[in-house]
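Reader: I am new to this structure and would like to know what stands behind the words used for it. Please show it first.

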Amino acid sequence: MVQKLYNDKELFSKLILEWWHKHKRDYPWRCTDDPYFILIAEMLLRKTTAQQVEKIYNTFLSKYPSPEILAEADEDYLKELLRPLGMEHKRAELLKKFGLTVKEVYNGEIPSEIEELLKLPGVGMYAANAVLSFVYSKDLPLLDTNFIRVIQRVFGIKSEKTRARDDKKLWEFAQKLIPPGDSKHFNLAVLDFAALVCRAKNPKCNLCVMKEICNYYKGSVGYR
(Lines give C-alpha, C1' and ligand atoms only; values in the text may rest on other atoms or scores of the structure.)
Protein backbone atom coordinates (compact mmCIF):
# COMPACT_ATOMS: atom_id res chain seq x y z
CA MET A 1 0.00 0.00 0.00
CA VAL A 2 2.81 2.39 0.92
CA GLN A 3 4.66 1.56 -2.29
CA LYS A 4 1.50 2.14 -4.34
CA LEU A 5 0.97 5.55 -2.75
CA TYR A 6 4.59 6.46 -3.47
CA ASN A 7 4.21 5.37 -7.08
CA ASP A 8 0.93 7.27 -7.41
CA LYS A 9 2.54 10.44 -6.07
CA GLU A 10 5.32 10.21 -8.62
CA LEU A 11 2.86 9.51 -11.43
CA PHE A 12 0.64 12.39 -10.32
CA SER A 13 3.53 14.86 -10.55
CA LYS A 14 4.63 13.50 -13.93
CA LEU A 15 1.14 13.54 -15.44
CA ILE A 16 0.15 16.97 -14.19
CA LEU A 17 3.34 18.60 -15.49
CA GLU A 18 2.93 16.92 -18.87
CA TRP A 19 -0.66 18.14 -19.01
CA TRP A 20 0.31 21.66 -17.93
CA HIS A 21 2.95 22.18 -20.60
CA LYS A 22 0.18 21.73 -23.18
CA HIS A 23 -2.62 23.62 -21.43
CA LYS A 24 -1.05 26.25 -19.15
CA ARG A 25 -2.64 29.66 -18.75
CA ASP A 26 -0.69 32.90 -19.17
CA TYR A 27 -0.98 35.77 -16.73
CA PRO A 28 1.42 38.73 -16.29
CA TRP A 29 2.21 37.88 -12.65
CA ARG A 30 3.58 34.53 -13.79
CA CYS A 31 6.30 36.25 -15.82
CA THR A 32 8.13 37.94 -12.97
CA ASP A 33 10.49 36.94 -10.20
CA ASP A 34 10.03 40.22 -8.33
CA PRO A 35 8.69 39.28 -4.86
CA TYR A 36 6.79 42.57 -4.53
CA PHE A 37 4.98 42.01 -7.83
CA ILE A 38 4.16 38.43 -6.81
CA LEU A 39 2.76 39.45 -3.41
CA ILE A 40 0.65 42.17 -4.99
CA ALA A 41 -0.80 39.58 -7.37
CA GLU A 42 -1.57 37.20 -4.53
CA MET A 43 -3.36 39.90 -2.55
CA LEU A 44 -5.35 41.07 -5.55
CA LEU A 45 -6.36 37.51 -6.47
CA ARG A 46 -8.16 36.82 -3.20
CA LYS A 47 -11.92 36.39 -3.49
CA THR A 48 -12.02 37.36 -7.15
CA THR A 49 -11.05 35.87 -10.51
CA ALA A 50 -7.76 35.89 -12.38
CA GLN A 51 -9.58 37.46 -15.31
CA GLN A 52 -10.64 40.42 -13.18
CA VAL A 53 -7.17 40.87 -11.71
CA GLU A 54 -5.58 40.71 -15.17
CA LYS A 55 -7.57 43.80 -16.18
CA ILE A 56 -5.96 46.00 -13.53
CA TYR A 57 -2.68 44.28 -12.61
CA ASN A 58 -0.35 46.16 -14.98
CA THR A 59 -2.10 49.46 -14.26
CA PHE A 60 -1.72 48.88 -10.54
CA LEU A 61 2.01 48.20 -10.81
CA SER A 62 2.62 51.12 -13.13
CA LYS A 63 0.97 53.36 -10.55
CA TYR A 64 2.55 51.64 -7.50
CA PRO A 65 5.80 50.01 -8.69
CA SER A 66 7.30 49.77 -5.20
CA PRO A 67 6.22 49.37 -1.58
CA GLU A 68 7.35 52.92 -0.82
CA ILE A 69 5.04 54.41 -3.45
CA LEU A 70 2.17 52.13 -2.42
CA ALA A 71 2.58 53.31 1.17
CA GLU A 72 1.89 56.88 0.03
CA ALA A 73 -1.05 55.98 -2.24
CA ASP A 74 -4.12 58.19 -2.30
CA GLU A 75 -6.68 55.89 -0.73
CA ASP A 76 -9.64 57.18 -2.75
CA TYR A 77 -7.83 56.59 -6.03
CA LEU A 78 -6.68 53.19 -4.81
CA LYS A 79 -10.25 52.19 -3.95
CA GLU A 80 -11.46 53.25 -7.35
CA LEU A 81 -8.75 51.22 -9.06
CA LEU A 82 -9.62 48.17 -6.96
CA ARG A 83 -13.40 48.49 -7.35
CA PRO A 84 -13.69 45.87 -10.15
CA LEU A 85 -12.30 43.24 -7.74
CA GLY A 86 -14.80 43.94 -4.98
CA MET A 87 -14.07 44.69 -1.30
CA GLU A 88 -12.14 47.75 -2.44
CA HIS A 89 -12.23 49.45 0.98
CA LYS A 90 -10.70 46.47 2.75
CA ARG A 91 -8.21 45.82 -0.07
CA ALA A 92 -7.05 49.43 -0.19
CA GLU A 93 -6.52 49.60 3.57
CA LEU A 94 -4.61 46.31 3.62
CA LEU A 95 -2.42 47.15 0.63
CA LYS A 96 -1.43 50.52 2.08
CA LYS A 97 -0.61 48.88 5.40
CA PHE A 98 1.46 46.27 3.56
CA GLY A 99 3.40 48.94 1.65
CA LEU A 100 3.99 50.96 4.80
CA THR A 101 5.27 47.94 6.74
CA VAL A 102 7.71 46.95 3.98
CA LYS A 103 8.89 50.56 3.73
CA GLU A 104 9.37 51.21 7.45
CA VAL A 105 10.32 47.80 8.84
CA TYR A 106 12.18 46.25 5.91
CA ASN A 107 13.60 49.36 4.19
CA GLY A 108 11.48 48.76 1.11
CA GLU A 109 12.75 45.21 0.55
CA ILE A 110 10.55 42.13 0.61
CA PRO A 111 12.08 39.67 3.10
CA SER A 112 13.17 36.25 1.89
CA GLU A 113 12.59 34.25 5.08
CA ILE A 114 9.25 32.61 5.85
CA GLU A 115 9.10 34.00 9.39
CA GLU A 116 9.51 37.58 8.17
CA LEU A 117 7.17 37.17 5.19
CA LEU A 118 4.41 36.01 7.53
CA LYS A 119 4.75 39.24 9.53
CA LEU A 120 3.69 41.33 6.54
CA PRO A 121 0.06 42.53 6.52
CA GLY A 122 -2.03 40.42 4.17
CA VAL A 123 0.60 37.72 3.75
CA GLY A 124 -0.32 34.23 4.89
CA MET A 125 1.31 30.87 4.29
CA TYR A 126 0.03 30.63 0.72
CA ALA A 127 1.40 34.03 -0.39
CA ALA A 128 4.65 33.51 1.51
CA ASN A 129 5.15 30.15 -0.17
CA ALA A 130 4.42 31.75 -3.54
CA VAL A 131 7.42 34.05 -3.04
CA LEU A 132 9.66 31.24 -1.82
CA SER A 133 8.59 28.91 -4.64
CA PHE A 134 8.52 31.36 -7.55
CA VAL A 135 11.48 33.54 -6.59
CA TYR A 136 13.77 31.26 -4.59
CA SER A 137 12.83 27.84 -6.02
CA LYS A 138 11.98 26.39 -2.61
CA ASP A 139 10.10 23.08 -2.78
CA LEU A 140 6.95 24.39 -1.12
CA PRO A 141 3.29 23.88 -2.10
CA LEU A 142 0.62 26.52 -2.65
CA LEU A 143 -2.12 24.82 -0.71
CA ASP A 144 -5.51 26.46 -1.18
CA THR A 145 -9.07 25.20 -1.63
CA ASN A 146 -8.34 24.22 -5.22
CA PHE A 147 -5.13 22.34 -4.48
CA ILE A 148 -6.88 20.55 -1.60
CA ARG A 149 -9.77 19.54 -3.85
CA VAL A 150 -7.40 17.96 -6.36
CA ILE A 151 -5.40 15.91 -3.87
CA GLN A 152 -8.51 14.87 -1.95
CA ARG A 153 -10.11 13.59 -5.12
CA VAL A 154 -7.05 11.91 -6.58
CA PHE A 155 -5.66 10.33 -3.40
CA GLY A 156 -8.89 9.97 -1.41
CA ILE A 157 -7.50 11.79 1.62
CA LYS A 158 -9.65 13.95 3.86
CA SER A 159 -8.76 16.55 6.43
CA GLU A 160 -10.10 16.24 9.94
CA LYS A 161 -9.72 19.97 10.45
CA THR A 162 -12.68 22.35 10.16
CA ARG A 163 -10.51 24.52 7.94
CA ALA A 164 -8.61 22.10 5.70
CA ARG A 165 -6.00 24.65 4.61
CA ASP A 166 -4.81 24.81 8.22
CA ASP A 167 -4.18 21.08 8.32
CA LYS A 168 -0.44 20.49 8.76
CA LYS A 169 -0.78 16.94 7.40
CA LEU A 170 -2.21 18.22 4.12
CA TRP A 171 0.66 20.70 3.75
CA GLU A 172 3.16 17.91 4.39
CA PHE A 173 1.41 15.60 1.91
CA ALA A 174 1.31 18.33 -0.75
CA GLN A 175 5.00 19.09 -0.27
CA LYS A 176 5.91 15.46 -0.93
CA LEU A 177 4.25 15.69 -4.35
CA ILE A 178 6.62 18.39 -5.60
CA PRO A 179 9.35 17.27 -8.02
CA PRO A 180 12.61 18.51 -6.46
CA GLY A 181 13.65 21.85 -7.91
CA ASP A 182 10.46 22.37 -9.93
CA SER A 183 7.99 23.74 -7.42
CA LYS A 184 6.99 26.79 -9.50
CA HIS A 185 5.88 24.78 -12.51
CA PHE A 186 4.27 22.13 -10.32
CA ASN A 187 2.28 24.67 -8.30
CA LEU A 188 1.10 26.45 -11.43
CA ALA A 189 0.18 23.10 -12.96
CA VAL A 190 -2.06 22.21 -10.00
CA LEU A 191 -3.71 25.66 -10.10
CA ASP A 192 -4.49 25.37 -13.80
CA PHE A 193 -5.58 21.74 -13.56
CA ALA A 194 -8.00 22.63 -10.77
CA ALA A 195 -9.43 25.52 -12.79
CA LEU A 196 -9.72 23.77 -16.14
CA VAL A 197 -10.28 20.08 -15.39
CA CYS A 198 -10.74 19.18 -11.72
CA ARG A 199 -13.31 21.91 -11.17
CA ALA A 200 -15.38 22.24 -8.01
CA LYS A 201 -18.57 21.75 -10.03
CA ASN A 202 -18.87 19.55 -13.10
CA PRO A 203 -15.26 18.30 -13.21
CA LYS A 204 -14.16 17.16 -16.63
CA CYS A 205 -13.38 13.60 -15.62
CA ASN A 206 -13.62 12.43 -19.23
CA LEU A 207 -10.64 14.66 -20.09
CA CYS A 208 -8.63 13.92 -16.95
CA VAL A 209 -5.14 12.47 -17.21
CA MET A 210 -5.42 11.12 -13.65
CA LYS A 211 -8.02 8.40 -14.35
CA GLU A 212 -5.53 5.62 -13.61
CA ILE A 213 -4.92 6.78 -10.04
CA CYS A 214 -7.89 9.01 -9.17
CA ASN A 215 -10.12 7.77 -6.35
CA TYR A 216 -12.83 10.24 -7.27
CA TYR A 217 -12.96 8.93 -10.83
CA LYS A 218 -13.12 5.36 -9.62
CA GLY A 219 -16.00 6.29 -7.32
CA SER A 220 -14.45 4.61 -4.29
CA VAL A 221 -14.44 7.37 -1.65
CA GLY A 222 -18.04 8.47 -1.49
CA TYR A 223 -17.87 11.57 -3.70
CA ARG A 224 -20.52 10.13 -6.01
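Reader: Which residues does Met210 touch, not counting residues up to four places away in sequence?

Author: Met210 touches Phe12, Leu15, Ile16, Val154 and Phe193. Contact here means heavy atoms within 4.5 Å. This is a predicted model, in which local features need pLDDT of at least 70 and side-chain atom pairs count only at pLDDT 80 or more, while totals for chains, interfaces and linings use all residues. Residues are numbered from 1 along each chain as its sequence is written, and side-chain values use heavy atoms, with hydrogens and water left out.

Reader: What makes a set of residues a nonpolar core?

Author: The members must be buried Ala, Val, Leu, Ile, Met, Phe, Trp, Tyr or Cys residues, joined through side-chain atoms within 4.5 Å. Buried means under 20% relative accessible area, exposed means over 50%, and partly exposed is in between, with a 1.4 Å probe and protein chains only. The largest nonpolar core has 73 residues. Phe12, Leu39, Ile40, Phe60, Phe98 and Met210 touch the most other members of this core.

Reader: Why is Leu39 called buried?

Author: Its relative accessibility is 0%, so Leu39 counts as buried. Leu39 is found in helix 2. Not counting residues up to four places away in sequence, Leu39 touches Phe98, Ile110, Leu117, Leu120, Val123, Ala127 and Val131.

Reader: What makes helix 2 mostly covered?

Author: Nine of the 11 residues of helix 2 (residues 35-45) are buried. Among them are Pro35, Tyr36, Ile38 and Glu42. The cover of these buried residues includes helix 3 (50-63), helix 4 (67-71), helix 5 (75-82), helix 6, helix 7 and helix 8 (125-134).

Reader: How many helices and strands does the protein have?

Author: The protein has 12 helices and zero strands.

Reader: Is Arg153 buried or exposed?

Author: Arg153 has 6% relative accessibility, so this residue counts as buried. Arg153 lies in helix 9 (residues 145-155). Its C-alpha atom is 9.6 Å from that of Gly219, 66 residues away along the chain.

Reader: What is the phi of Asn107, and where does this residue lie?

Author: Asn107 has a positive phi of about 55° although it is not a glycine. Most residues other than glycine have a negative phi. Asn107 sits in the loop between helix 6 (88-105) and helix 7 (114-117). Its relative accessibility is 65%, so Asn107 counts as exposed.

Reader: Why is Asn202 called exposed?

Author: Asn202 has 62% relative accessibility, so Asn202 counts as exposed. Asn202 also has a positive phi, of about 50°, and lies in the loop between helix 11 (183-196) and helix 12 (215-218).

How values were computed:
Helices (H or I, at least four residues) and strands (E, at least two) are DSSP runs, numbered from the N terminus.
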